[in-house]
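Subject: Structure handover

Hello,

Here is the structure for you to look at. My notes on the chain contact follow below.

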Number of protein chains: 2
Amino acid sequence: MFNLDQYLDTTGKRINTALNKLLPPESAQPPTIHKAMRYSIFAGGKRIRPVLTLAACEAVGGKTAAAMPLACAVECIHTYSLIHDDLPCMDDDDLRRGRPTNHKVFGEGVAVLAGDALLTQAFLLAAKKPEYVTELARASGSLGLIAGQVQDLENESRAATLTEVKTTHRNKTGALINASIRLGAMAGHATPAQLKRLTRYGDDLGLAFQVIDDILDATSTKEIMGKSVRADEKNEKSTFPKLLGIEKSRTYAAELIADAHDQLRSFGKKAEPLRAIADFFLTRKH
Amino acid sequence: MFNLDQYLDTTGKRINTALNKLLPPESAQPPTIHKAMRYSIFAGGKRIRPVLTLAACEAVGGKTAAAMPLACAVECIHTYSLIHDDLPCMDDDDLRRGRPTNHKVFGEGVAVLAGDALLTQAFLLAAKKPEYVTELARASGSLGLIAGQVQDLENESRAATLTEVKTTHRNKTGALINASIRLGAMAGHATPAQLKRLTRYGDDLGLAFQVIDDILDATSTKEIMGKSVRADEKNEKSTFPKLLGIEKSRTYAAELIADAHDQLRSFGKKAEPLRAIADFFLTRKH
């Protein structure tokens with residue numbers, strides 16, 4: 001029986017060690033920016049995206065050491081997007097993972113720059129092969145993650161359709177989750193057929209992640225989540241629960257995860273971590 | 001006799017054509033972000049950095065077509081840094097190149113994202129070779145351009161020394177100007193000796209650019225500059241004119257440009273554009 005908690009714990013520690021080694025130290029000049037970068041990188045995130053990178057590499061029989069700089073790169077992108085998303089001119093959040101957000105500690109100017117620096121650092125970490133850089137830039141750029149953030153801003157205070165909400169989330173959350181998986185598969189020398197299946201697994205997972213996120217925002221508490229809840233309601237955002245209801249949203253997430261499992265059928269035992277992560281997505285409480 | 005005006009005009013037009021082709025169209029979803037990116041990219045900048053990329057490629061006998069995506073990449077980085085620099089939480093500027101700044105037109109949230117998107121786009125354009133990505137990321141990251149912006153914020157309202165001001169400017173302005181030149185040389189297959197000389201030429205140029213910028217901010221008018229002046233005085237910034245006086249600052253800039261010329265001695269006629277650009281740096285009025 002595969003133990004996901006243990007896998008997440010061990011792999012998370014390896015990722016933290018690598019991030020600590022690959023990011024400039026706090027003492028690098030000027031210390032302010034390096035402290036701000038590390039404050040948010042080491043804020044106790046679950047490392048889901050980099051874990052997916054390493055697990056996808058394993059699933060195709062690759063060596064995870066080759067995927068580690070890419071795992072760190074996707075975590076840098078994820079963290080930068082949170083820092084900028086939390087800014088007063090965006091979602092205006094004071095709390096993230098139970099701690100004050102970056103701009104609350106370092107000021108808005110430094111928070112903008114810390115995000116910029118982590119985004120730039122990601123490409124330094126992915127520089128080894130042109131296809132890595134292209135994959136990461138497409139997923140994070142104005143046709144991927146950033147498209148989703150703009151659509152998210154624009155969906156506030158207006159009635160978005162289910163199709164629009166899906167597009168927004170495929171961009172905002174799905175693109176980077178997908179790239180995390182694809183980069184790991186690429187570093188593990190996946191065949192085109194393997195890459196295709198893992199891409200669909202990633203699509204399913206990315207969308208399911210956001211459906212669950214919406215459900216948790218609508219039903220959980222600040223204490224359990226470690227961040228403000230009912231933000232979507234406050235911002236009058238169109239969400240899956242609002243459009244489908246809580247129960248139908250849960251069913252939809254379950255269908256996506258079932259399809260994700262189908263994609264992994266041919267991978268055998270090596271895909272155990274990916275299977276367990278898919279189930280974890282569906283059952284997570286924060 | 002080399003005609004710089006004509007060279008800047010012709011080369012600038014080629015760069016604009018390439019940028020127009022290489023950036024997503026305004027109609028790409030969501031249009032807001034692509035309009036915002038293009039608003040600042042096509043705001044009438046002098047294209048000095050991408051021109052340097054192409055001129056450095058020419059100086060080592062390379063084909064400029066190979067350097068064009070890199071020229072566009074450095075312009076994307078430069079433009080992103082201006083958008084973020086102009087934000088209320090940074091320099092708080094309403095005017096840039098004679099037009100309202102990005103956040104004045106599109107709002108702060110979209111301006112942050114437009115900067116992020118241009119930064120990401122730059123790496124998509126530089127993805128062809130690992131050494132291009134590494135060069136660009138180092139120059140723009142927390143040990144380069146961003147270090148300079150943080151140091152610039154920290155030098156406000158405090159008495160920085162001449163050494164500190166030099167370090168700030170080597171990072172804030174010098175690093176990207178230097179990378180612009182080096183990327184062009186790399187695309188043109190420069191020898192290690194050529195690259196070394198052009199790197200020093202770039203160091204000289206980058207520092208001279210900022211010395212002149214400080215002098216212009218202290219002596220020119222809003223009408224001539226197309227942006228607010230006396231910003232340094234308002235922010236009580238330590239500048240070259242403040243630390244050395246206007247005349248000694250001019251002498252220092254002239255010495256840097258003389259050294260830049262020395263570096264080009266062995267390049268012959270192919271370095272005419274680089275020579276003319278060095279002289280232009282010294283004599284520019286805005």
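A helix axis here is a line fitted to C-alpha atoms over the stretch in contact, and angles run from 0 to 180 degrees between N-to-C directions. Please keep in mind that this is a predicted model.

Start with the helix pair. Helix α6 (residues 108-125) of chain A meets helix α6 (residues 108-125) of chain B, with axes that come within 10 Å and cross at roughly 20°. Angles under 35 degrees count as roughly parallel, so α6(A) and α6(B) are roughly parallel to each other. Their crossing is right-handed. On the α6(A) side, the contact is made by V112(A), D116(A), L119(A), T120(A) and F123(A). On the α6(B) side, V112(B), D116(B), L119(B), T120(B) and F123(B) make it. By type, these residues are six nonpolar, two polar and two charged.

Now the whole interface. Chain A puts in 43 residues and chain B puts in 43 residues. On the chain B side, α2 (31-41), α6, α7 (130-140) and α8 (145-155) each supply at least two residues. α6(B) gives the most, with twelve residues. The chain B side divides into 24 nonpolar, 13 polar and six charged residues.

Last, the symmetry. Chain B superposes on chain A by a rotation of 180° with 0.0 Å of shift along its axis, at RMSD 0.0 Å. That is the relation of a two-fold axis. In chain B, P130(B) has the C-alpha nearest the axis, 3.1 Å from it. The copies meet through the same surface, because 100% of the interface residues of chain B are also interface residues in chain A.

Best wishes

Note on methods
Residues are numbered from 1 along each chain as its sequence is written. Chains are lettered from A and ligands numbered from 1 in the order in which they are written. This is a predicted model: local features need pLDDT of at least 70, side-chain atom pairs count only at pLDDT 80 or more; totals for chains, interfaces and linings use all residues. Helices (H or I, at least four residues) and strands (E, at least two) are DSSP runs, numbered from the N terminus. Angles under 35 degrees count as roughly parallel, over 145 as roughly antiparallel, 65 to 115 as roughly perpendicular and the rest as oblique. A crossing is left-handed if the near helix is turned anticlockwise from the far one by less than a right angle, and right-handed if clockwise. Two residues are in contact if their C-beta atoms, placed from the backbone, lie within 7 Å. Ala, Val, Leu, Ile, Met, Phe, Trp, Tyr, Cys and Pro count as nonpolar, Asp, Glu, Lys and Arg as charged, and the others, Gly among them, as polar. Copies are superposed by least squares on the C-alpha atoms of residues with pLDDT of at least 70 in both.
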